[in-house]
Amino acid sequence: MDLTGTWAFRLDPDDRGLANAWQAQAFTEMIELPGSLQAQGFGNDVTVETPWVGLIMDRSWFTEARFAPYREPSAVKVPFWLQPEKHYSGVAWYQRTFQAPDSWFGQRVLLTLERAHWATTVWLDGQELGSDSSLSTPHQYLLGTAVMPGPHRLTIRVDNRMIIPVGANAHSVTDHTQTNWNGIIGRIALSTSAPVWIDDLQVYPRAAERRVSVRLRIGNGLGRGGRARLTLQAVQSSGDGVHAPPAATFELPIDVDGATAELSYALGPDARLWDEFSPALYRLHGALSATVDDQSFTDEASTVFGLRDITVHGTQIAVNGRPIMLRGTLECCIFPLTGYPPTAVAPWRRMMNICRAHGLNHIRFHSWCPPEAAFVAADELGFYLQVEGPVWANHGATIGDGSPLDSWLHAETARILRCYGNHPSFVLMAHGNEPAGERHVPFLGDWVRHWKARDPRRLFTAGAGWPRVDVNDYHNIPEPRVQGWGEELRSRINGRPPETCSDYSAFVRDLARPIVSHEIGQWCVFPNFDEIGKYTGLLKPKNFELFRDLLTANHMGDQARAFLLASGKLQALCYKEEIEAALRTPGFAGFQLLDLHDFPGQGTALVGVLDPFWDEKGYITAQAFRRFCGDTVPLARLPKRTWHTGERLTAEVDVAHFGPTDLIDTTATWRLLDHDGRTVAGGQFPTRHVPTGGLTHLGTLDVALGTLPPAAKYTLAVSLDDARAENDWDLWLFAERLAEPEPAGALVATALDKATLAELAKGGAVLLALPPEQVRASAQIGFSSIFWNTAWTKRDGADCGQAPHTLGILCDPAHPALAAFPTEFHSNWQWWELIHGAAAMTIDHLPPALRPIVQPIDTWFENRRLGLLFEARVYGGRLLVCSMDLTSDLERRLVARQLRASLLSYLTSERFEPHVELTVDAIRALCLP
């Protein structure tokens, strides 16, 4: 009996309902279920005092004057996450009547609430049936076997306060992402069964043996023993062909409490296996015929399973004996239209198809467990899932210290494994995310040991992030990545010249077990304000509106789209290197991106190449992303990105291949392309046999560069078998020595001293190359994009978060100042040499009409006007101001030398005619006193 629809309803903000026996009263307000009360306009308006569930690191919104207009009661806009129209944390009561038919008497009647948030207590006609506190599985209540025909009233109390200390940032409960909603979603129904019934049907595949073990529980509500006959029949339900092995029948005794048994069921040699390439599914049907005291009862149950084994294979993970590479992203319960996850299959199928289009095969559910529909979609599509207990016991919460969380986690794990354990897509499990507590290590070691012994159908790790314990099947650790927490400008991507040789072999060697790297990437992009109109449901992008206001107030509103596209190109470049470093590591087990799509919480972490709706933003397509992220990816190990004409370009070329089969007689071709896509050099590597499950060396390329035009970008492209797989890398070629000396009459100064002012006073042209250490910088610039976001990484009273505070650069390649310098409109690897050690000038005090030639894109929380290179009329002359190092070690710093040459050529040309006039004091204000 479907119970979805209109229910009576009553809010209980003061939690008086139990004391006043509301379960015996009728309610008058109405609400629709499935759904949440907040999405239907119930709850409180958001104010400065709203008791959010979630940590706020940067609390400047509550105090700073610039945010005062956004704290007004009628115009509240919070910057730290998407904002619900209503907020409510407390108790709500839901009630409806139903008509029990005559046939129900003597049958077990079960109430199922597919997903409630959070704790429920249920009454039937005023009599309490029990309570449930699961965040992950359906809440089920037995109404008994004596439900009389006629009308009955169900009353459900839902409490979304912090029932168990799972951690305020856990994505199962937090306002950071899904919201702390109150309600019931998915299936809400009454069902019946015989008083002797199939209570549980767990399938344990033995893929190598083409059989399954079936762990069965038969329930008995009669209190008397008897006998049962169980027939098992499996039928292939998806995949190529139809396979139906013979049925098997088993005779079982039943005692007063029922029966348990482990049964072996052979599927036969023709049974199909399940994996990412061939996700064949079977439906196992169980038919029960029981006899108790000459009474006969029948029941049926079925479940879907896939015939697959998952094992540790050295330092890799293997599915059905074939090593795989997990290429994953996170899903943090981000559903802006509803504020809670979908329980229909179609949205999950769409999400996973988008992930597959980007070359991924894996999703990690960060500190939450999705509904049944997600597993169904993953089973159908062949997607590998890491499921977690709904726990992030950190930032004030702990685990392993004897709190109610400890026992609740074990109970919740049991519920998750019973409810979703048959799904072949459910291959990995962690207790939750990044735990804290003095005893969390031994506690979680015991947790892994306990559940590994009870459920060998998947691999277990103690926690996402940490701890590393010896009993882990795999380590899910954060260290193997391009930029780690707190590394800032010392990280590999910011502190070392670009190359494509680094990998994580040392981690693989030292840990000697599978490593799935935790939350790699975290590269930000500027907000896409065109996205605002998509938020037509519960959650509104008030944060984006606030950021847009700040940008407009600082005279850059018209640059928002350009900032998005330029920072997006850099973000994609960072993710490419992040992913390739994992792929080129021999024996590496996989990675989990944070994230393919944006994370709207924790201060607003715009880390996705897709928005929260899984839509593209306009700067990289799925096809382009899949070139460097897929089951077969060519990889070039380049020792550097910039070369001169006196050198030979050398690179070792590999292929990471994790396809369904080996590649037989594979031919790889390489080409060096110029800026217009013309091939200027190329070759073919010897034919290779490429086994699946790892890296294969294809060959070495070596090409002279002396005949190629310098001061240009080139692209190295490698393809397999006529573009079955193709990848490419940008590199830059410069002259070994500049052909012409610096033009006469060009003055390069490092300060506005008397000589510089004299040159300007007579109408001269000057390049003012400010030493970066003398620049008054309000933002630290690095080559990479922002890591996570500057609000969440802002700790201990710091003025800003972890560096860099910028999102790359924006420039106009057609500007004559850059005529002799190879660049696009955004950061690319050649800019590393110039940005490393540079200082971003703060130019908020300069006229809005002044737009830098090279403009760093500031964090959206500040939206400062920044510059690395601009031009102006000053003191009667023409001035180029640069805060990148254009003076030191130019024999080795080819990029800086080329930019300097381009700027000096412009400086002495007739085209150097700045339009904006500045005072000497305005220029001096750029520097420290």
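**Exercise 1.** In this predicted model, which residues form one aromatic cluster with Trp52? Determine how the rings of Trp61 and Phe62 are arranged.

*Solution.* The cluster consists of Trp52, Trp61, Phe62, Phe80 and Trp81. Next, consider the count of aromatic pairs, which comes to 40. For Trp61 and Phe62, the ring centres are 4.9 Å apart and the planes stand at 85°. Planes over 60 degrees apart count as edge-to-face, so the Trp61–Phe62 pair is edge-to-face. Finally, Trp61 has a relative accessibility of 2% and therefore counts as buried.

**Exercise 2.** Describe the aromatic pair of Trp181 and Tyr340, and state where each residue lies in the chain.

*Solution.* The centres of the two rings, Trp181 and Tyr340, are 5.3 Å apart, with 50° between the planes, and the pair is tilted. Trp181 belongs to the loop between strands S10 and S11, whereas Tyr340 belongs to the loop between strand S22 and helix H1. The pair thus links distant parts of the chain, 159 residues apart. Buried means under 20% relative accessible area. Trp181, at 1%, is therefore buried, and Tyr340, at 16%, is buried as well.

**Exercise 3.** Identify the buried residues of helix H10 and explain why they line one face of the helix.

*Solution.* The buried residues of H10 are Thr756, Leu757, Glu759 and Leu760. Viewed down the axis of H10, they fall within an arc of 160°, so they line one face. On the other side of H10, Lys754 and Ala755 are exposed. The packing partners of the buried residues are strands S40, S41, S46 and S47 and helix H13.

Terms used: Residues numbered from 1 in each chain as written. Predicted model: local features only at pLDDT ≥ 70, side-chain atom pairs only at ≥ 80, totals over all residues. Heavy atoms only, no water. Buried < 20%, exposed > 50% of the residue type's maximum accessible area, 1.4 Å probe, protein only. Helix = DSSP H or I, 4+ residues; strand = E, 2+ residues; numbered from the N terminus. Arc of directions from axis to C-beta. Contact = heavy atoms within 4.5 Å. Phe/Tyr/Trp six-rings, centres within 6.5 Å; stacked < 30°, edge-to-face > 60°.
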